[in-house]
Each structure stands twice: as structure tokens, then as C-alpha cells.
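Welcome, and please open your viewer. We will go from one selection to the next and look at what sits there.

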Amino acid sequence: MAARAGPGADWLPPRAPGGPVIHTVEMHAGGEPLRVVLPGGLAGLEAPEGLPLLALRRRLLASPELDGLRRLLMHEPRGHRDMYGALLARSELPEAAAGALFVHNEGASSMCGHAVLCLARLALDYGLRRPPPAGPGEVPVTIHCPCGPVVAFASWDGRRSGSRVRFHSVPAFAAATDLTVDVPGYGKVVVDVAYGGAFYAFLSAERLGLDVSSSKIRDLVDAASAVTEAVKAQFKVCHPLIKDVAFIYGTILTDGKDAFSDEPTNNICVFADAQVDRSPTGSGVTARIALQYHKGLIQLDQTRVFRSSSTGSLFTGKAVKEVKCGDHNAVIVEVSGESFYTGTSTFTMEDDDPLKYGFLLK
Ligand SMILES: O=C(O)[C@H]1NCC[C@@H]1O
């Protein structure tokens with residue numbers, strides 16, 4: 001038999017009869033990966049006509065089979081502890097190019113800004129959003145996220161999308177400020193809690209005796225994870241409109257530079273199961289801007305630059321409109337950044353593989 005040179009009819013390896021064959025598009029934004037499964041690409045995740053996205057997310061979280069496929073895609077050997085994914089499905093919102101279920105090493109999140117920066121491009125390039133007949137220009141692309149519809153704006157040159165993308169967040173707000181929590185190993189710690197499509201605890205790393213730019217990632221991850229667990233245990237988070245998003249997703253350690261400046265401010269986001277964002281974290285930038293606006297540290301349309309302390313990648317953020325979210329004074333935040341394609345993959349599995357649904361090193 002001639003050696004196989006590349007994809008063709010017989011390229012797939014021996015695999016479980018009737019087992020999954022999952023095609024993905026691989027992207028990143030600011031270094032944070034995104035493994036995308038297009039609508040219909042994951043058996044069992046089809047969204048019947050009109051099924052609300054949040055119901056589909058609940059089904060994903062409750063189904064051992066679907067969670068097994070999440071682990072197959074996210075965990076080793078096909079992924080790794082810090083892999084991130086978007087499982088796309090039909091949305092009940094007619095204006096949405098797709099519904100997005102964001103998955104990571106532990107489960108599913110409510111918002112993912114770096115993913116929206118990727119998905120706006122993919123929607124145009126893969127036909128989920130028809131490009132404008134008018135030809136080149138900036139194109140609005142609505143991605144239906146668990147936190148709500150997010151409108152992104154991607155450039156289109158008539159043939160393909162461009163790498164720079166921006167999006168307008170869902171209403172973002174400060175949920176608590178100067179909250180004291182007791183963090184095992186660190187004592188009493190003062191944090192803020194804010195929502196940018198997902199709830200995060202915020203504090204400067206120096207409050208934990210660390211430096212967000214020079215401390216070891218391991219030390220930052222351990223400290224941030226301890227803060228997350230403490231806030232989860234000591235603060236009841238709630239969202240006025242969507243109960244599914246009412247959970248502390250992670251902790252963002254900052255350089256403490258919250259007052260407006262033209263200089264970038266550094267942060268690192270630790271979320272899910274000690275997972276580290278390589279990007280500045282789009283939903284985290286959204287929540288940080290909302291917090292800074294709440295504290296009167298920035299004005300509308302003042303752009304700030306956010307740098308990921310893990311890779312140095314940059315996103316920008318600015319509050320563009322005051323809104324209400326229940327009783328909260330909230331803002332719509334515009335986040336911008338660049339996303340890129342890194343390839344495609346096809347994943348299969350063999351029935352007798354004892355690690356067929358993946359594993360994570362502790
Ligand atoms: O950019 C973001 O918002 C996402 N990146 C990984 C963690 C967050 O969901």
C-alpha cells in the first residue's frame with residue numbers, strides 16, 4: 001500500500017465504528033487558543049429549532065456523553081490543561097450568525113471575549129454570516145453567547161476577513177467593591193467583583209505579595225485560585241437577569257494601575273481549573289473597564305490598553321455607553337484585538353483506548 005501523503009479519502013486512521021470524527025478549526029487571539037467545532041459538528045449537540053442556547057448549555061453540562069466529548073477535545077493528548085474551545089450551534093436569535101458554547105478544562109463558561117474575536121472572522125470566512133454584497137468594509141457579526149448576544153465587527157476585503165476585530169459587550173457592571181474575604185494561606189484579602197459577561201474577582205497581585213509581571217506563573221496561579229475559591233465560598237454572586245451566569249468564573253490579578261493612563265496595564269486571568277489565559281482576557285477587560293468606570297477612574301470613550309502578563313499580547317477596552325442591568329448602573333464596553341487561524345484538525349478515537357476521553361495531569 002502506498003504511503004499516505006496527506007488528507008484524502010483514506011486519510012482517517014482506524015477508529016471506533018460509529019465513533020466520533022470531529023473536525024475543528026484552530027485559531028488564537030492574543031495567544032489564547034480556540035478550537036472551534038462548527039454547527040452540526042458534534043453528534044448529540046444539535047440544537048432543535050428554537051431550543052434556547054442556555055438550555056443547550058445546560059444539556060452540555062448535564063450529559064456525560066457530551067462532557068466526554070468536551071474532555072476528548074480539551075484534555076491531553078489532543079489538548080492540554082489550558083486549551084479552550086467553542087462548540088457552535090444554531091441560535092434561537094435570528095440575527096445571530098451562530099450560538100457559541102464556550103468550553104475549557106473544567107466545563108463551560110458564560111462568556112469568552114478572545115473567542116468572539118476569533119468567531120467573528122470564522123463566521124464570515126466559513127459562511128455562517130454572509131458577507132455584505134457591498135464588498136470590502138467592516139461587517140457586524142452577532143455571536144450568541146450564554147451571557148447574551150454580542151455584536152462583533154470584523155473587516156472584510158471582499159474575499160476574506162482581516163485579523164483585527166472588535167466587539168460590544170453585554171451590559172457590564174461592578175458587583176462588589178472592597179470586599180474582604182479570608183483566603184487560606186494569604187489571610188484577609190480585599191477584592192472587587194465585576195461582571196463582563198462572566199464574574200471575576202479582581203485585586204492587584206501585590207496584595208498577595210506577588211508581582212503580576214515578574215512572579216512565577218505557578219505562584220500567580222496558586223494565589224489566584226485560592227482567591228477564587230474563597231470568593232466562591234464567601235460571596236453570593238447573582239445576575240439580575242440570567243441565573244445561568246451567576247458564578248465566579250475566576251480571578252484576575254492586576255498591576256494595580258486602574259486609573260486612566262495611556263500606558264498598558266498588565267493582568268493575568270486564572271479561571272476554571274487553574275487554567276491560565278494567554279490573552280489579556282476579553283471578558284476580563286470588559287469587567288475591568290466596568291469597574292474602573294464605576295470608580296470614576298475613566299470616562300466614556302477613553303481607551304485603555306490591557307497587556308497579558310503571560311504573553312505580552314494586547315487588547316484595548318473602552319466604555320462606550322451607559323446602560324442599566326436590573327438595578328445595576330452598567331456600561332457597554334468595546335474590546336478590540338487580533339485573532340488568527342492556526343490550522344484545522346480532525347479527531348477520532350479507538351474503543352480500546354483507556355485514555356480515549358482524555359486526561360489532565362494534577
Ligand atoms: O477572553 C476571554 O474572555 C476568555 N479567555 C479565556 C477565559 C475567558 O473566557
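Start by selecting helix α1, residues 53-62, where L53, L54, L56, R57 and L60 are buried. Buried means under 20% relative accessible area, exposed over 50%, and partly exposed in between, with a 1.4 Å probe and protein chains only. Helices (H or I, at least four residues) and strands (E, at least two) are DSSP runs numbered from the N terminus.

Now look down the axis of α1: its buried residues fall within an arc of 155 degrees, so they line one face of the helix. That arc is taken from the directions from the helix axis to the C-beta atoms. Next, show what covers these buried residues, which includes α2, β3, β4 (96-103) and β5 (137-145).

A word on the model: it is predicted, local features need pLDDT of at least 70, side-chain atom pairs count only at pLDDT 80 or more, and totals for chains, interfaces and linings use all residues. Residues are numbered from 1 along each chain as its sequence is written, and side-chain values use heavy atoms, leaving out hydrogens and water.

Move on to Y84 and F271, a tilted aromatic pair with 5.8 Å between centres and 55 degrees between planes. Rings of Phe, Tyr and Trp (its six-membered ring) pair if their centres lie within 6.5 Å; planes under 30 degrees apart are stacked, over 60 edge-to-face, and the rest tilted. Y84 sits in the loop between α2 (64-74) and β3 (85-89), while F271 belongs to strand β12 (residues 265-271), 187 residues apart. Y84 is buried at 1% relative accessible area, and F271 is buried at 2%.

Methods. Contact means heavy atoms within 4.5 Å.
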